[in-house]
Amino acid sequence: MVAPLRVVVSDPIIAPFRAHLEATQSPHDWVYATSGDPDELAGACADADVLVLSKLAAPADLRDTPLRLAHVTGAGIDRVDLDLLPAGIPVCNTGHHGRSIAEHVIMQLLMLRRRALAADAQLRAGEWRTVASAPGTPYHRLAIGDTIGVIGTGEIGCEVAALGAGLGMRAIGLRRDGASGVPAGSAFERVYGFDALTEFLGECDVVVVCAPLTDATRGMIDRSALHSMRPNAHLINVARAGVLDEDAVAQALADGTIAGAALDVWWGGNDGLRAPESVARFASLPNTVLSPHHSGHAEQVFIARARDIAHNIDLLAEGSPLERQVR
């Protein structure tokens, strides 16, 4: 039997799934330090082997702790300051959010195309506005036969392409290196490189941003890119807000450069239950669908992530190579 490890969980979102986290092959000592207090976290990690976290920033400083593994509870590690961890310890991540986010994308696409929010508001106000009762009411536009363009061809992007193809859409992708070709087993018909952004955007009826925020993607969807899109095209962002130029997108929506947008990620941070200030300028636009960065928040996602983390803790305890190690 392996010696028990001391595991500290600082992520309050994964903490409710402790039954799955703690379902390791051997029992371990678990501490839940989810208050966000850096002193509480430092104290809990003073004799810990594993930290399960979603973010880490100053003034927290764990460099002098005996941690042997930092396990991020999602795919992105951009909110973890790696310099605050002990030098050289492995960092692992987990995923499983692709299908959840892809379903959210399709939901938002259909809401935009069928004016779901406007029709709902009109009906609640007692108005019966259809093409039969109110001339000038827009017709719906079917997804079948249209092109869905996905920026980022990883787990999320491939799931979006698959669901789009299931609706009869043609799926094309964009990633840094277009020469790598179409990902094996994916629904993409073709994949472009970043250097072909203008051509890619010009083909799309829907543009879905799934790429991580990097130096190469920051501000990628700027004024020039938006003017490369078709005027009846929709833009959906489920990646990071910084991939889009906020001012350029707001202007394009206001002046009709593009038909509409669905945004799940935002510029600026929220303060508890208070939304980021950037939400207000898009909430006033009728051609938007907005959500609070919850596209991946399906219960099944967190169960699968907790199981991944438990498995890696088993591997660490027995001295075996870790899975999904990103550093």
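## About the model

This is a predicted model, in which local features need pLDDT of at least 70 and side-chain atom pairs count only at pLDDT 80 or more, while totals for chains, interfaces and linings use all residues. Residues are numbered from 1 along each chain as its sequence is written, and side-chain values use heavy atoms, with hydrogens and water left out.

## Two spans from UniProt

UniProt places the feature "domain: D-isomer specific 2-hydroxyacid dehydrogenase catalytic" (unreviewed entry) at residues 7-326. UniProt also lists "domain: D-isomer specific 2-hydroxyacid dehydrogenase NAD-binding" (unreviewed entry) at residues 106-294. Residues 106-294 are 31% helix and 16% strand, with end C-alpha atoms 14 Å apart. UniProt positions are given in the numbering used here, feature names are shortened, and annotations may be inferred rather than shown by experiment.

## The sheet of five strands

Let us begin with the sheet that holds β1. Its 5 strands form an open sheet in the order β2-β1-β3-β4-β5, and the pairing is parallel. Two strands pair if DSSP finds at least two bridges between them. At the edges stand β2 (29-32) and β5 (91-92), each pairing on one side only. Strand β1 (residues 6-9) pairs with β2 in the parallel sense over 4 bridges, and V7 has W30 in β2 as its bridge partner.

Helix α2 (residues 38-45) lies across β1, β2 and β3 (50-53), running at about 165° to β1. Helix α10 (residues 299-318) touches β1, β2, β3, β4 (69-72) and β5, and its direction makes about 165° with that of β4. For these angles, axes are lines fitted to C-alpha atoms, for helices over the stretch in contact, and angles run from 0 to 180 degrees between N-to-C directions.

## The sheet of seven strands

Another open sheet has 7 strands in the order β8-β7-β6-β9-β10-β11-β12, again with parallel pairing. Because β8 (190-193) and β12 stand at the edges with a single partner strand each, one side of each is left without a neighbour in the sheet. From one strand to the next, the twist averages 15°.

Strand β6 (residues 147-151) runs parallel to β9 (residues 206-209), and 4 bridges join them. V150 has V208 in β9 as its bridge partner. Helix α3 lies across β9, β10 (234-237), β11 (260-263) and β12, at about 150° to β10.

## Two spots in the loops

Most residues other than glycine have a negative phi, and most peptide bonds are trans. Here, a cis peptide bond joins A58 and P59, with omega about 15°. P59 is found in the loop between β3 and β4. H96 has a positive phi, near 75°, and sits in the loop between β5 and α3.

## A pocket and a cavity

Rolling a probe the size of a water molecule over the atoms shows where empty space is left. On a 1 Å grid over the protein atoms alone, a cavity is a set of points where a 1.4 Å probe fits but cannot get out, and a pocket is an open set with protein on both sides within 12 Å along at least five of seven lines; lining residues have an atom within 4 Å of a point. Grid points are joined across faces, edges and corners, and a volume is the space filled by probe spheres set on the points.

The second largest pocket has a volume of about 400 Å³. It is lined by 23 residues, and the closest to its centre are M111, L112, R115, P286 and N287. Elements giving two or more residues to this lining are α3 (98-113), α4 (116-124), α9 (278-283) and β12 (288-290). The largest cavity has a volume of about 40 Å³, and α8 gives the most to its lining, with 4 residues.

Key:
Contact = heavy atoms within 4.5 Å.
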